Amino acid sequence: MDGDACPVRDEAFRVAARHGLGVTVVSNGSRGVRLPDGVRRVIVAEGPDAADDWIAEAIRPGDICVTADIPLASRCLQAGGHAVAPGGRIWDQENIGGALAGREVSRHMREMGHETRHAGFTTQNRSRFLEAMEAVVQRAMRGAPKPPPPMPDFFSD
């Protein structure tokens, strides 16, 4: 997913601003999309996984990645970061394996000609995202070393 097209971009910006956190939006295009002051934009080369690769290499323990991409979420967790989906699902070590397996089953079903559908993005998704994002920020901030605690960074792809 292109960082500039993230469906919960504004919500993530609001949560970050409320907590004084930095935000980095990573994408391989859409330079014309306006971002709020203080939001860092990283434009990567064109390619199917260029933004994901940049995020996976840059994420640090305590950082938060907002992504619908399950393999990227897994890579972020492996690096000690946190991951939350735009629909409000918090990825963790307990649920990421099943999600990766389900993704492979869905891919196989599509290859076999079965249609898969995704529900549209709703206001309920936005509300769930805000709740999940707040919970993840609190978790990340509790786990930050002291003193002084570094501020987690949001990565959105």
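Student: What share of the contacts between residues at least 6 apart in sequence joins residues at least 24 apart?

Tutor: In this predicted model, 54% of those contacts join residues at least 24 apart. A pair counts as a contact when heavy atoms lie within 4.5 Å.

Student: Which elements make up the protein, and in what order do the elements run?

Tutor: There are five helices and six strands. From the N terminus the order is α-β-β-α-β-α-β-β-α-α-β. Of the 157 residues, 41% count as buried.

Student: Why is α2 called roughly parallel to α3?

Tutor: Helix α2 (residues 50-58) and helix α3 (residues 70-78) pack at an angle of about 15°, and their axes are 9 Å apart. Angles under 35 degrees count as roughly parallel, so α2 is roughly parallel to α3. The crossing of α2 past α3 is right-handed.

Student: Which residues make that contact between α2 and α3?

Tutor: From α2 come D52, D53, I55 and A56, and from α3 come L72, R75 and C76. By class, the contact of α2 with α3 has four nonpolar, three charged and no polar residues.

Student: What makes the buried residues of α2 line one face of the helix?

Tutor: The buried residues in α2 are A51, D52, I55 and A56. Viewed down the axis of α2, these buried residues fall within an arc of 130°, so they line one face of the helix.

Student: At what angle do α1 and α5 pack, and what is the hand of their crossing?

Tutor: Helix α1 (residues 9-19) and helix α5 (residues 123-142) pack at about 35°, with axes 10 Å apart. Their crossing is right-handed. On the α1 side the contact uses E11, A12, R14, V15, R18 and H19, and on the α5 side R126, F129, L130, M133, E134, V137, Q138 and M141. These residues of α1 and α5 divide into seven nonpolar, two polar and five charged.

Student: Which residues of α1 are buried, and what follows the helix?

Tutor: R9, E11, A12, F13, V15, A16 and H19 are buried in α1. The helix is followed by G20, which has a positive phi, near 70°.

Student: How do you know whether G38 is buried or exposed?

Tutor: The relative accessible area of G38 is 72%. Exposed means over 50%, so G38 is exposed. G38 lies in the loop between β1 (22-27) and β2 (39-43).

Student: Why does H82 count as buried?

Tutor: Buried means under 20% relative accessible area, and H82 has 16% relative accessibility, so H82 counts as buried. H82 is in strand β4 (residues 82-84). Not counting residues up to four places away in sequence, H82 touches I59, G62, D63, I64, C65, C76, L77, V136, R139 and A140.

Student: How do you know whether V42 is buried or exposed?

Tutor: V42, found in strand β2, has a relative accessible area of 11%. The cut-off for buried is under 20%, so V42 is buried. Leaving aside neighbours within four places in sequence, V42 is in contact with T24, V25, V26, S27 and W54. V42 and T24 are 18 residues apart along the chain, and their C-alpha atoms are separated by 7.0 Å.

Key
Residues numbered from 1 in each chain as written. Predicted model: local features only at pLDDT ≥ 70, side-chain atom pairs only at ≥ 80, totals over all residues. Heavy atoms only, no water. Axes fitted to C-alpha atoms, helices over the stretch in contact; angles between N-to-C directions. Helix = DSSP H or I, 4+ residues; strand = E, 2+ residues; numbered from the N terminus. Parallel < 35°, antiparallel > 145°, perpendicular 65-115°, else oblique. Left-handed = near helix turned anticlockwise from the far one by under 90°. Nonpolar A, V, L, I, M, F, W, Y, C, P; charged D, E, K, R; others polar. Buried < 20%, exposed > 50% of the residue type's maximum accessible area, 1.4 Å probe, protein only. Arc of directions from axis to C-beta.
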